[in-house]
Amino acid sequence: MPRPAVLAWGLPMLILALPCLVGCGHATKAAPAEILLREGSRIRVPDLSPLRNTLQVATAQEQVVQTALSVPASVEADPAELVKILPPLSGRIVQLHVHLGDWVKQGQPLLTMESADLAQAYADLQKALAQYQQAKRTVDRVRELGRHDIASRREVDQAETDFASIESEWRRARAHILQLGANPEGTQASHLLTIRAPIAARVADLAAGTGGYWNDLNAPLMVLANLTHVWFTASVQEKDIAGIFMGQEVSAELASFPGETFRSKVAFVGEMLDPDTRTVKVRMVFDNAAHRLLPAMFATVTFQARPHKGILVPLAAVIQGQEGSKVFVEVAPWTFEAVAVKPGAQVGGQTEILEGLKTGQRFVAREGVILND
């Protein structure tokens, strides 16, 4: 009889314990927090969304912007300080007064040539001079006779005409001697011509040698170059030329001198556009007192544009899509909307926004691509 009493008491307890037995070892699962909510064209980040710890929101501020343009360039000698010494006539080099690499002063002798052509030029000058002197005596005598009515007017006119013709020939022969670089008054060693330096410069190239005969008047005997200052010549694309101006600050870097920066200003902006490359030549003068910069070296020059006010945002803030560039702007606390923008030049790790973003607006500076997915 006691057994039924035990069963009667245990059944209610078993029923009460059943929920515990069923739920033991299984934790209750909470509903996951929503990451973001799309409400039409807007995107809202809920309070418990982990994106609130990921997205970086910043305020657009106007600041001074100075963009830069980098283009390839090459080093060139200043044409005004680069002279090819060409022989004015053929002849033999009897003495070389300089050597390769020498620094010469203006007017300093470079070499002496022996030339039959020079001797002939002097002979022509002497002949013309003798004829000139004879014609001068003749015209003076005829004029004197004319004043005493001994010579007719026609004879005086003829004597003056002959004198003018002979004088012209004498002056031509004299000018020819001067053009050759010789002294028209010289009579000693009329077959020797000394070529002198037209500028103060260094002998950059030397092709002549003592004893050599030179008959090619288009082949330079030597090249004089003053490389104290050199030109950096850059070819700027047509689309970028509007940002180039006289006096613009320029920096240059060369592979020959890694880590070193050379600075100058724009000295010349070409006025002709190359129809083939669609570029304009821009030249800058760089100091080269140490003669480290050599013609034909390659360089990269960077033009600094005029400073202006603008809005800069991190590159990651601008999202590229099929419809163009856009930035996510905060229209309400943690509520964003995509706004089309017009990006400009890049400045370091930032880009200038020309249109679409206003000063004071808050925007997603980083990880905005998550909102675009």
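The legends below describe close-up views of a predicted model, in which local features need pLDDT of at least 70, side-chain atom pairs count only at pLDDT 80 or more, and totals for chains, interfaces and linings use all residues. Residues are numbered from 1 along each chain as its sequence is written, and side-chain values use heavy atoms, with hydrogens and water left out.

**View 1. Overview of the chain, with 4 helices and 25 strands.** Helices (H or I, at least four residues) and strands (E, at least two) are DSSP runs, numbered from the N terminus. Of the 373 residues, 32% count as buried, where buried means under 20% relative accessible area, exposed over 50%, and partly exposed in between, with a 1.4 Å probe and protein chains only. Among the contacts (heavy atoms within 4.5 Å) with a separation of 6 or more, 71% are made by residues 24 or more positions apart.

**View 2. The open sheet S4-S19-S24-S23, a set of 4 strands with antiparallel pairing.** Strand S4 (62–65) and strand S23 (342–347) each have a single partner strand and stand at the edges, so one side of each is left without a neighbour in the sheet. From one strand to the next the twist averages 55°, taken between axes that are lines fitted to C-alpha atoms, for helices over the stretch in contact, with angles running from 0 to 180 degrees between N-to-C directions. Strands count as paired if DSSP finds at least two bridges between them; 4 bridges join S23 to strand S24 (residues 350–355), and strand S19 (residues 308–314) pairs with S24 over 4 bridges. Glutamine 350 in S24 is the bridge partner of valine 347 and also stands opposite proline 314. The hairpin formed by S23 and S24 has 2 residues between the strands, and glycine 348 in this turn has a positive phi of about 65°.

**View 3. The largest nonpolar core, which holds 38 residues.** A nonpolar core is a set of buried Ala, Val, Leu, Ile, Met, Phe, Trp, Tyr and Cys residues joined through side-chain atoms within 4.5 Å. Leu110, Leu118, Leu221 and Leu224 touch the most other members. Elements that give two or more residues include helix H2 (116–147), helix H3 (153–179) and strand S9 (109–114), and H2 supplies the largest share, 9 residues. Beyond its neighbours within four places in sequence, the contacts of leucine 221 include Ile85, Met113, Ile195 and Trp214.

**View 4. The open sheet S6-S13-S11-S8, with antiparallel pairing of its 4 strands.** Strand S6 (82–85) and strand S8 (103–104) are at the edges, each with a single partner strand, so one side of each has no neighbour in the sheet. S6 and S13 are joined by 4 bridges, and valine 83 stands opposite leucine 224 in S13.

**View 5. Selected salt bridges from the 17 that the structure holds.** A salt bridge is a side-chain nitrogen of Lys or Arg within 4 Å of a carboxyl oxygen of Asp or Glu. Arginine 362 and glutamate 330 meet at 2.7 Å, N to O, and this pair links distant parts of the chain, strand S25 (residues 362–366) and strand S21 (residues 324–332), 32 residues apart. Arginine 362 is partly exposed, with a relative accessible area of 35%, whereas glutamate 330 is buried at 18%. A network of salt bridges links Lys136, Asp140, Arg143 and Glu160.
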